[in-house]
Amino acid sequence: MNTPIVSVRNLVVNYYTFSGVIKALRGVDLDVQHGESLCIVGESGSGKSTLAQAIAMILPRNASVERGSIIYDGIDLLKNTSPEVRAKVRREIGMIFQDPATSFSPLFTIKQQFVDVLTEVLKVSPEEVLSIAREALKSVRLTEVDRVLDSYPHELSGGMLQRASIALALAKKPKLLIADEPTTNLDVTTQAEILKLIKTLKEEYNLTLLMITHNFGIAAYICDRTVVMYAGLVVEEGSTKNLLVNPLHPYTKGLVKAIPRIAGEKLTPIPGFLPDPREDFKGCPFYSRCSYATSKCTETPPPRIVLGDQVVYCHLYEGSK
């Protein structure tokens, strides 16, 4: 079996806030294989972005990794936080954020920000950075490269700014590209263009892609494999096709039923809300919204069940093979 480029085990992350301790990740296991496209799907608040930030070593200051491991390219990032390891991660893991405006400071031109980031990460001269930046901007299908470089972020459209953000991530020639809901703040037409671009660039650059999304339609278009998260835990994983055709976990079934299909067709929403992230729970976090729930679901953590290429954490499948 090939060694994953990223292997996460029993990862627990809390945020310390004035309103209490937010339990963002409650013991996550995840493997990302070299060269694959993996989607992490779930509602807002399920822990997707926290997981991505932990892998990229960019968790905010009020976040605390309580336990677990993140092995990237054979290095445990939680045990080895040396400047050399941080430089390696910054160089080899590219990040595309949900809001392209957060990727750039409004105070400086795009050119200056490419220079500031890439001279530090790639250890090259400003002149070399500009050559790299122009090629990267061309690779994301921007034609007026010099105008983009000379512009301030507010002078570019959302789509152009997101393309520039993707170019900045790709200019480092990363091994792993993490895209954290990169189309959320864009109009529908631009969303489709950006998704097509990411899919094309993944193949052109031979990248490993980790896509964070709440949309199963995006997962179906982009990703070979999908992991479903709920309340800081993984509840199901497998090939994207199988999860769409034969979802096992009641939460995954609810997400699939909520996908729009035919104009005018009534959607089936999942009743209820995510549990309070400040609260502990003994059993399955989905039990209060699940029509299959029994008393066992409230008291006992669901077991990990392997069924073919799918893994599901649910009492419904105990005894199944």
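What follows is a look at the ring pairs, cysteines and nonpolar cores of this structure. The model is predicted, so to speak for local features a pLDDT of at least 70 is needed, side-chain atom pairs count only at pLDDT 80 or more, and totals for chains, interfaces and linings use all residues. Residues are numbered from 1 along each chain as its sequence is written, and side-chain values use heavy atoms, with hydrogens and water left out.

Rings first. Rings of Phe, Tyr and Trp (its six-membered ring) are taken as a pair if their centres lie within 6.5 Å, with planes under 30 degrees apart called stacked, over 60 edge-to-face and the rest tilted. That rule gives three aromatic pairs. In one of them, the ring centres of Tyr230 and Tyr251 sit 4.6 Å apart with the planes at 55°, so this pair is tilted. Tyr230 belongs to strand 9 (residues 225-230) and Tyr251 to helix 10 (residues 250-257), so the pair ties together parts 21 residues apart in sequence. Helices (H or I, at least four residues) and strands (E, at least two) are DSSP runs, numbered from the N terminus. Tyr230 also pairs with Phe286: the centres are 5.2 Å apart and the planes at 90°, so here the arrangement is edge-to-face. Phe286 is in the loop between helix 10 and helix 11 (295-299), so this pair ties strand 9 to a part 56 residues away in sequence. Put together, ring pairs link Tyr230, Tyr251 and Phe286 into a cluster.

Buried means under 20% relative accessible area, exposed over 50% and partly exposed in between, using a 1.4 Å probe and protein chains only. Tyr230 and Tyr251 are both buried, with Tyr230 at 0% relative accessibility, and Phe286 is buried at 3%. Elsewhere, Lys199 lies over the face of Tyr221, 4.3 Å from the ring centre; a charge sits over a ring if NZ of Lys or CZ of Arg is within 6 Å of the ring centre and within 35 degrees of the ring normal.

Now the cysteines. With a disulfide taken as a pair of cysteine sulfur atoms within 2.5 Å, the count is one. Cys39 and Cys223 form it, with their sulfur atoms 2.3 Å apart. The torsion about the S-S bond is about 65°, so the disulfide is right-handed. It links distant parts of the chain, 184 residues apart: Cys39 is in strand 3 (residues 37-41), and Cys223 is in the loop between helix 8 (216-222) and strand 9. Both ends are buried, Cys39 at 0% relative accessibility and Cys223 at 6%. Cys284 is in no disulfide, the nearest cysteine sulfur being that of Cys297, 6.2 Å away. Cys284 is buried at 10% relative accessibility, and Cys297 is buried at 12%.

Finally, the cores. A nonpolar core is a set of buried Ala, Val, Leu, Ile, Met, Phe, Trp, Tyr and Cys residues joined through side-chain atoms within 4.5 Å. The largest has 56 residues, and those with the most contacts inside it include Phe114, Met211 and Tyr251. Helix 6 provides the largest share of this core, seven residues. Apart from it lies another core, of 37 residues, among them Ala54 and Leu210. Contact means heavy atoms within 4.5 Å. Leaving aside neighbours within four places in sequence, Met211 is in contact with residues including Cys39 and Cys223.
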